[in-house]
Amino acid sequence: MKAAKGGGLSFFGTVTGKSLTLFLQVLVSRFYGPQYYGVFVTGLLICEITQIISGLGLQKGGMRFLAMAHDRQEYQKMPDIVTTSILFPLLFGTFTGAVLYGIAPVIAVTVLADTETINVLRQFSFAVPFLTVLRISSDLSRAFKTTKYAVMIENLIFSSLQVGFFLILHALGCGFLSVVYSFVLATIICACWMLFMVRYQILRFIVSLRIHHTSVNLPILPINSRSILAYSISLTPFGLLLIGSNSMDIIMLNILGSSSSVGEYAAAARWVMFFGMMSYSLELIFGPLMAGQLGLNRYDQVKVLYKASTRWVLFLTLPLFVFQFLSREPLMQVFGKEFLVCGPGVMGILVMGSLFTALSGSAGILLTISSYQYVELACLAGSILLNMLLNLLWIPRLGVYGAALATIVTAMLTVFTRIIMINRFLKMHPFSIHLVAPIVVTFVLVVAGLLLESFFDLNDVFQLLMAAGASCVASLSIISLGLDQNDRELCKSLVKRFTRLLPVAYVEK
């Protein structure tokens, strides 16, 4: 229940934060158009890649060692762990930020062929060390078995500050760079705030131990800066491969296309990010549960959890898939009429790719926690190479549609590879009979919606209503035909838990 609570809080914070981010990007696209929106997305992506390099793997490594010190109640180790996890990335982040500032003209002119990106990259370079500190300190905060501080600051406050600063700076006449300045300012404030909260959590933990006089009689772990860095630096390729796998389409469009094509493609991809949020939130729930059962060699329970995670990812994805696929044009028009040229088609392709990704459930995290992390590393590396190759072949011929097709084909092959590897090494698969009926109903709804679009000239309002109705039907099919007994019992317990949280007056009413 604790893992579910943390996963639910993370899901709420992630959805709210991403919604604010989406609102900010809609404002940017409305005010400045596809070209400048594409420039902003490109600069943000390069900043994220630089941040991962600067982090030296300490985002996960530091959390691991701090969590170990927490569970073993070795509070005297905590300041050294935090210092190592923050100081080295801060110094290296400052260096990589300076390098990015210096080579911004080379990247903009030689690689991207867009001089508009030079100033954007230079402004983003100031955020690199602070963004690195923010990401690492957020994960350090999670080592204390709570997500509330990271969710509050990294997701809610960070996104809110960006929107607020952007509106103020835009009103003051700072132009397109308002969105970059707002990102830098929000990053600096939230990085300092998050560090303060980690310090507060350590002090509160120490006080709690002294008040209750608790101790664990275990040998002291040999944790020092060298051991932390040795473990963490090896994790850096995972972060780079993950962001490379998720962003190869944007990277290749920058190289082979234009800023306008990047902007239109990125706008379509922004709607698809909600699928990833669902998968990530459920991983926070099922990942620790599967890890615990693996530690006890209870593979039958792991198999049950693996199938359950797949069902829940797919059940949350299907209604969203139906809604977004049948309302492509109205959703793309939110960004502006300039995004209606290729945006709806690109969005439809990407949404279908996200549906295939949902079929793998928690396959990636299961490979990682079951001592087959290098198989997952190979999957990520293979997906990047395949995506790059397909983009090279299809973008020159098909433009943004080629990038979308490369993404969906890569996603499908990666999913099937993970499923095959898990079946080979762990002798389990994610499928169950309960998936069939909701998938069939979803397929019928999508075909019916496409037929209505082809025979009738539907306006935006009717398309949204049709998509919402079809999404409701898909949800009802899941509730009536897709849930097994364990799923129904879990739903009942969640409803009871939610009811207990309601105000007493409302319940009595």
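Me: Is Cys342 buried or exposed, and how would I decide?

Reply: The general idea is to look at the relative accessible area, where a value under 20% counts as buried and a value over 50% as exposed. In this predicted model, Cys342 has a relative accessibility of 18%, and therefore it counts as buried. Cys472, by contrast, has 49% relative accessibility, so it counts as partly exposed.

Me: How many disulfides does a search of the whole structure find?

Reply: In general, a disulfide is a covalent bond between the sulfur atoms of two cysteines. In this structure the search, which covers the whole of it, finds zero disulfides.

Me: Since the model is predicted, where is confidence lowest and where is it highest?

Reply: Confidence is read through pLDDT, which runs from 0 to 100 for each residue. The protein has a mean pLDDT of 80, and 85% of its residues reach 70 or more. Confidence is lowest in helix 20 (residues 504–508), with a mean of 37, and highest in helix 6 (residues 148–171), with a mean of 90. Over residues 501–509 the pLDDT is below 50, and this stretch has two contacts in the model beyond near neighbours in sequence. Residues 1–6 also have a pLDDT that stays under 50, and for them the model has seven contacts beyond four places in sequence.

Me: How many helices and strands are there in the protein, and what span should helix 16 have?

Reply: The protein has 20 helices and zero strands. To check a helix, one can compare its expected span with the distance between its ends: at 1.5 Å a residue, the 27 residues of helix 16 (residues 400–426) should span 39 Å, and the end C-alpha atoms are 39 Å apart, so the two agree.

Me: What share of the residues count as buried, and which residues have the most contacts inside the largest nonpolar core?

Reply: Of the 509 residues of the protein, 51% count as buried. The largest nonpolar core has 139 residues, and those with the most contacts inside it are Phe176 and Tyr265. Leaving aside residues up to four places away in sequence, Tyr265 touches several others, among them Asp249, Leu253, Val346, Val400 and Thr407.

Me: Is Gln324 buried or exposed, and what does it touch?

Reply: Gln324, which is placed in helix 11 (residues 299–326), has a relative accessible area of 2%, and so Gln324 is buried. Apart from residues up to four places away in sequence, Gln324 touches Trp271, Val272, Phe274, Phe275, Leu331, Met347 and Val351.

Notes: Residues are numbered from 1 along each chain as its sequence is written. This is a predicted model: local features need pLDDT of at least 70, side-chain atom pairs count only at pLDDT 80 or more; totals for chains, interfaces and linings use all residues. Side-chain values use heavy atoms; hydrogens and water are left out. pLDDT is the predictor's confidence in each residue, from 0 to 100. Helices (H or I, at least four residues) and strands (E, at least two) are DSSP runs, numbered from the N terminus. Contact means heavy atoms within 4.5 Å. Buried means under 20% relative accessible area, exposed over 50%, partly exposed in between (1.4 Å probe, protein chains only). The expected span of a helix is 1.5 Å times one less than its number of residues. A disulfide is a pair of cysteine sulfur atoms within 2.5 Å. A nonpolar core is a set of buried Ala, Val, Leu, Ile, Met, Phe, Trp, Tyr and Cys residues joined through side-chain atoms within 4.5 Å.
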